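Here is a short walk through one model. Keep the sequence and the 3D view open as you read.

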Amino acid sequence: MSASTESASSPALSTLRRVFGYPAFRGEQQAIVEHVSEGGDALVLMPTGGGKSLCYQIPSLIRSGCGIVVSPLIALMQDQVSALKLLGVRAAFLNSTLPPEHASVIERELLEGELDLLYVAPERLTTPRFLQLLAQAKIALFAIDEAHCVSQWGHDFRPDYIQLSVLHERFPGIPRIALTATADQATRGEIVERLALQQARVFLASFDRPNIRYTVVEKDNPRRQLLRFIRASHDGDSGIVYCLSRKKVEETAKWLREQGLSALPYHAGFDAATREAHQTKFIRGDGIIMVATIAFGMGIDKPDVRFVAHLDLPKSLEAYYQETGRAGRDGLPSNAWMAYGLQDMVLQREMIEQSQAPDEIKRVERQKLDALLGYCEAPSCRRQVLLRYFGEDSEPCGNCDMCLSPPETWDAAEAVQKALSTIYRSGQRYGAGHIIDILRGRETPKVKERGHENLSTFGLGSAIGDAQWSSLLRQCVATGLIGVNEHGGLILLEACRPVLRGEQGLQLRRVRDTHAAAPSVRRE
Ligand code: ADP
Ligand code: ZN
């Protein structure tokens with residue numbers, strides 16, 4: 001049998017070509033499609049843009065009955081269903097936006113075997129009434145999209161997802177495929193456990209997004225840094241700028257507009273019509289910069305987002321990966337850019353320590369924060385750090401800031417000793433700003449009020465600049481020499497002892513001159 005007749009005889013491939021018009025599968029798609037078509041359960045871990053949808057759409061078409069797709073995203077459901085209908089697939093969705101009379105038409109179609117794919121919101125699927133309906137219909141498979149939503153510690157937790165284990169109990173013979181772009185070990189374990197997917201075959205695609213260039217800059221004047229970055233690399237491009245608070249979203253969007261850029265704000269505080277309008281402009285328009293909280297982005301399928309910028313630290317490394325994954329879905333060169341500073345780190349630590357969460361959750365959150373800081377402070381390839389977090393080994397990528405201009409290091413042991421003893425002598429309760437004032441010998445009102453000009457380390461660090469000091473402190477916090485108390489004060493940790501005693505050398509990254517890349521014309 002020749003290769004072409006062999007492939008033509010595969011129902012998976014012929015469906016791919018006939019219905020979707022694509023010549024070939026990507027990566028593991030074919031293995032997944034065949035496994036599920038034959039009735040197997042699957043857990044699919046694939047990065048955003050990797051092509052997860054086909055993994056359940058094609059088996060739904062091959063198997064008899066209707067594929068039921070659980071998705072938390074109403075906008076995404078509608079888009080997917082419209083796209084499928086254009087391809088001639090009998091697809092529909094059921095969610096709260098649908099008038100009841102439409103819903104009952106779709107339910108009847110389901111019962112009469114007139115649907116290939118039905119997208120359902122999780123809260124609807126798990127109602128007794130709907131489960132009853134499913135029991136009377138012919139079901140091809142269950143697809144659980146965005147499966148990480150079952151993770152209570154994740155950033156997209158949806159309580160309704162927990163109920164989805166009912167599918168396994170009520171419909172044990174029907175294959176289930178869970179899909180997500182979040183693949184850290186903990187989340188993976190939780191998905192398997194909560195959805196009872198112990199028997200599922202796991203398909204883990206590479207999480208590398210080689211076309212994305214990762215860069216982290218030290219926060220100096222973040223808005224101006226952002227503007228420089230956009231002007232230097234993304235004139236007229238579409239991009240997303242993430243900020244932590246709604247207020248900052250609005251201020252940043254306004255400021256960028258004042259600088260002549262087409263920026264729009266987006267956060268959950270706007271009414272639905274405004275959100276929808278901004279989102280549509282972003283998706284349809286060219287060169288719009290969406291300044292947003294993390295409320296924006298999940299399920300946004302815009303292939304030509306050229307950059308994702310973070311003005312604040314994301315929640316975790318997997319959140320960062322997801323958020324930056326919205327760049328470059330078309331495979332063309334794109335940037336993931338983040339401005340990051342000591343204050344961000346302190347703020348995140350405070351948020352964890354001050355939260356009412358149980359200790360166990362705090363412990364996980366601390367670990368996640370440490371992983372994130374490890375990325376920000378990485379002395380080597382960012383992509384390696386990122387991929388290692390997802391369990392993947394790789395070579396230095398040649399396409400991140402660290403690979404492209406390797407950092408200079410310096411022997412900082414003596415400077416670190418000065419900083420540590422300043423923290424110690426001032427009572428382990430002051431933030432970085434005050435510690436740096438003492439080291440640099442500044443007689444600020446606060447320094448004088450506390451009598452800190454009399455400390456033996458006062459002015460001992462005047463030869464080192466503020467940015468270098470703040471980078472040094474940050475690296476010490478990131479590497480666990482220095483801790484942060486619940487009020488943001490710096491404290492000494494056990495690991496700093498050998499350094500204090502001069503027993504241990506310490507190579508730290510020298511701060512980059514963040515102004516070096518600035519365009520010569522400044523349009524203030
Ligand atoms: P994900 O859900 O993993 O983020 P999608 O399923 O939305 O990704 O797919 C991303 C894009 O890649 C879509 O535009 C899709 O049509 C396209 N795509 C997926 N699989 C293939 C393939 N085998 N050949 C060509 N294009 C594909
Ligand atoms: Zn690299």
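The model is predicted: local features need pLDDT of at least 70, side-chain atom pairs count only at pLDDT 80 or more, and totals for chains, interfaces and linings use all residues. Residues are numbered from 1 along each chain as its sequence is written, while chains are lettered from A and ligands numbered from 1 in the order in which they are written.

Start at Pro222. It belongs to helix α12, residues 222–233 (helices are DSSP runs of H or I with at least four residues, numbered from the N terminus). Pro222 is buried, because 22 C-beta neighbours lie inside 10 Å (buried takes 20 or more other C-beta atoms within 10 Å, placed from the backbone). Beyond the neighbours within four places in sequence, Pro222 is in contact with Leu311 and Ala339 (contact puts C-beta atoms, placed from the backbone, within 7 Å). Pro222 and His310 are 88 residues apart in sequence, yet 9.7 Å apart in space, C-alpha to C-alpha.

Now turn to helices α17 (residues 359–376) and α18 (residues 382–389). Their axes come within 9 Å and cross at roughly 160 degrees (axes are lines fitted to C-alpha atoms over the stretch in contact, with angles from 0 to 180 degrees between N-to-C directions). The two helices are therefore roughly antiparallel (angles over 145 degrees). Ala371, Gly374 and Tyr375 of α17 meet Arg382, Val385, Leu386 and Tyr389 of α18 in this contact.

Of the 13 residues around it, Tyr22, Arg26, Gly51, Lys52 and Ser53 come nearest (around means a C-beta atom, placed from the backbone, within 6 Å).

Note on methods. Buried ≥ 20, exposed ≤ 12 C-beta atoms within 10 Å, placed from the backbone. Contact = placed C-beta atoms within 7 Å. Parallel < 35°, antiparallel > 145°, perpendicular 65-115°, else oblique.
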